[in-house]
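Welcome! Here is a short briefing to read alongside the sequence and the 3D view.

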Amino acid sequence: MFEILTTDQMYEADRRTIEGGIPGDVLMQNAGRAVFEEIIRHWSPRSVSVLCGPGNNGGDGFAIAKLLRDEGWSVRLGLMGDVADLKGDAALHAARWEGATELLSPALVVGADLVVDCIFGAGLARDITGDIAELVTTINSSPCSVVAVDVPSGVDGNTGMVLGVAVKADLTVTFCRAKPGHYLLPGRLMCGELAVRDIGITDQTVLDIAPACWRNDPVLWRAGIHWPGLEGHKYHRGHLLAFGGATMTGATRLVARAARRSGVGLLTIVADAQALPIYASDAPGNMTAPMSAFDALVNDCRHNAFVIGPGFGVGDDTLALVLKLLHLCRATVLDADALTSFAEDPSTLCFAVQGPTVLTPHEGEFARLFPDINGDKLCRARAAAKRCSATVLIKGADTVIAAPDGRAAISAVDVPWLATAGSGDVLAGIIGGLMAQGMDSFDAACMGVWLHARSGADIGPGLIAEDIPEHLPAVLRELWLASRKKA
Ligand SMILES: NC(=O)C1=CN([C@@H]2O[C@H](COP(=O)(O)OP(=O)(O)OC[C@H]3O[C@@H](n4cnc5c(N)ncnc54)[C@H](OP(=O)(O)O)[C@@H]3O)[C@@H](O)[C@H]2O)[C@@H](O)CC1
Ligand SMILES: Nc1ncnc2c1ncn2[C@@H]1O[C@H](COP(=O)(O)OP(=O)(O)O)[C@@H](O)[C@H]1O
Ligand SMILES: [K+]
């Protein structure tokens, strides 16, 4: 259930299922039942208003209203437009509804304890305006609880963008698989709790559609983890070079700590000679080397991965160093200053990428590097990944990771605690550590985001960046034990 389908892919899954013998009205009935079950699981009987739009989202509403009324709930139903204008499965379910059909209006919201939002779903085609916009505003300012069916009306299922206004739900029930808009901001904020319910579309039907986007889950990348073997030694676990700034030394110390906790065999911090004592005294397991030894260091192929950017300083020297590193075609993570140094000349960066590379911009860094790439976060990450032939990870509450071939994952763990200085440096270190151990760039970026988020969720309020590396062993142990159970 971790694939994410676009609205078109969902329509296609629907079409194939109907072609395979399950009639559309049965799918709609199943959808109605799924929402009904979620409602009675969450709330005791109370007065409900079901608000129906002119399409199949509205059709779901008729099915839900009937199930609730049959269960003895007090149900009012409002419809946008005329019942005679409903078509297909929606018309069929409307005909089965024996209660009154009122005109959709704010009066249905005032006095209801629970509102079921079936105004627009996957078919939302333009901004919500006029009377319906007013109705949405009334819903959002009312004290009632709100269940959204498929997506909160006004949220674009593909992008998570709000078209005009959007319903703010306490619970969203969607069918078969989630859509990008359930996880991308601001849509994610409008959904409340998300329930993804089966309505009879098979897993095989979903696979046949070849989804290219997933919720970031270990199922995606756990086969690519390089757990150490009994016969292994430290060089089998990679040797990461972390490039440290001369003054902002905290950032690369966090990178180093996180990389080592992620399992890298050896780690050397490379920095200007005057900063080395700080790095050397930080942790006994860190090795250090002066920047003057750069050529000798990179001539040693055992130094198989690089992290550069956090606290490194922006400028031409950084740009030149990054180009030298990219030329070596080894596993490379570029973060922070390593990205911003290319703000004036981003195409040079894109042309230089040849080996396994991960770019980890936050939104500000992304906008500096790719000012011409617009749209939602998923499409921007994909466009940048394709342009640079690198894995691109755009950070934030809805972190998106995209590979150049179009695969993408969205982080679905809510961890506001991660919004603290240095937490991005830790992420860069984890990803670098995983790549040094031989993990593919897209997998390493996804796993890094997952480890980071899970650690953040476990630590919770009070989290500081230094806590995250220290929590990695607990989260890694969980993955390791799960891998042994599978074997
Ligand atoms: N796929 C599945 O597996 C299953 C899907 N199911 C359900 O079907 C839903 C999709 O149904 P759908 O395609 O009929 O679209 P829906 O969201 O009802 O809206 C279309 C109507 O809204 C109108 N309209 C649009 N925007 C507007 C605006 N801003 N302002 C005003 N009007 C606007 C639009 O008008 P038009 O653009 O044509 O002028 C059209 O009349 C899906 O979300 C799920 O709930 C389930 O039954 C089970 C199986
Ligand atoms: N609201 C949020 N919810 C979850 N994660 C967040 C949120 N805000 C920021 N983060 C995460 O925190 C980290 C911050 O990284 P970054 O902005 O580079 O900070 P720094 O440079 O201080 O390390 C990123 O991994 C980002 O995804
Ligand atoms: K809806």
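Helices (H or I, at least four residues) and strands (E, at least two) are DSSP runs, numbered from the N terminus. The model you are looking at is predicted: local features need pLDDT of at least 70, side-chain atom pairs count only at pLDDT 80 or more, and totals for chains, interfaces and linings use all residues. Residues are numbered from 1 along each chain as its sequence is written, while chains are lettered from A and ligands numbered from 1 in the order in which they are written.

**Around ligand 1**

- Helix H1 (7–19), helix H2 (24–42) and helix H3 (56–70) each give at least two residues to the shell around ligand 1, and H3 gives the most, with five residues.
- The shell has 28 residues, and Gly55, Asn56, Asn57, Gly121 and Gly123 come nearest; a residue is near a molecule if its C-beta atom, placed from the backbone, lies within 6 Å of it.
- By class, this shell has 15 nonpolar, eight polar and five charged residues (Ala, Val, Leu, Ile, Met, Phe, Trp, Tyr, Cys and Pro count as nonpolar, Asp, Glu, Lys and Arg as charged, and the others, Gly among them, as polar).

**Around ligand 2**

- Ligand 2 is surrounded by 17 residues, the closest being Lys395, Ala397, Leu418, Ala419 and Gly424.
- Helix H18 (residues 423–436) gives the most to this shell, with four residues.
- The shell around ligand 2 divides into eight nonpolar, seven polar and two charged residues.

**The sheet**

- Ten strands form an open sheet with mixed pairing, in the order E8-E17-E16-E15-E14-E13-E12-E9-E10-E11; two strands pair if DSSP finds at least two bridges between them.
- Strand E8 (213–215) and strand E11 (287–290) are at the edges with a single partner strand each, so one side of each has no neighbour in the sheet.
- Strand E14 (residues 357–359) and strand E15 (residues 391–394) run parallel and are joined by two bridges, with Val358 opposite Thr391 in E15.

**The two domains**

- The domain assignment gives domain 1 (7–211) and domain 2 (218–486); such bounds come from an automatic or database domain assignment.
- The C-alpha centres of domain 1 and domain 2 lie 41 Å apart.
- Eight residues from domain 1 and seven residues from domain 2 take part in the contact (two residues are in contact if their C-beta atoms, placed from the backbone, lie within 7 Å).
- On the side of domain 1 that touches domain 2, five residues are nonpolar, two polar and one charged.
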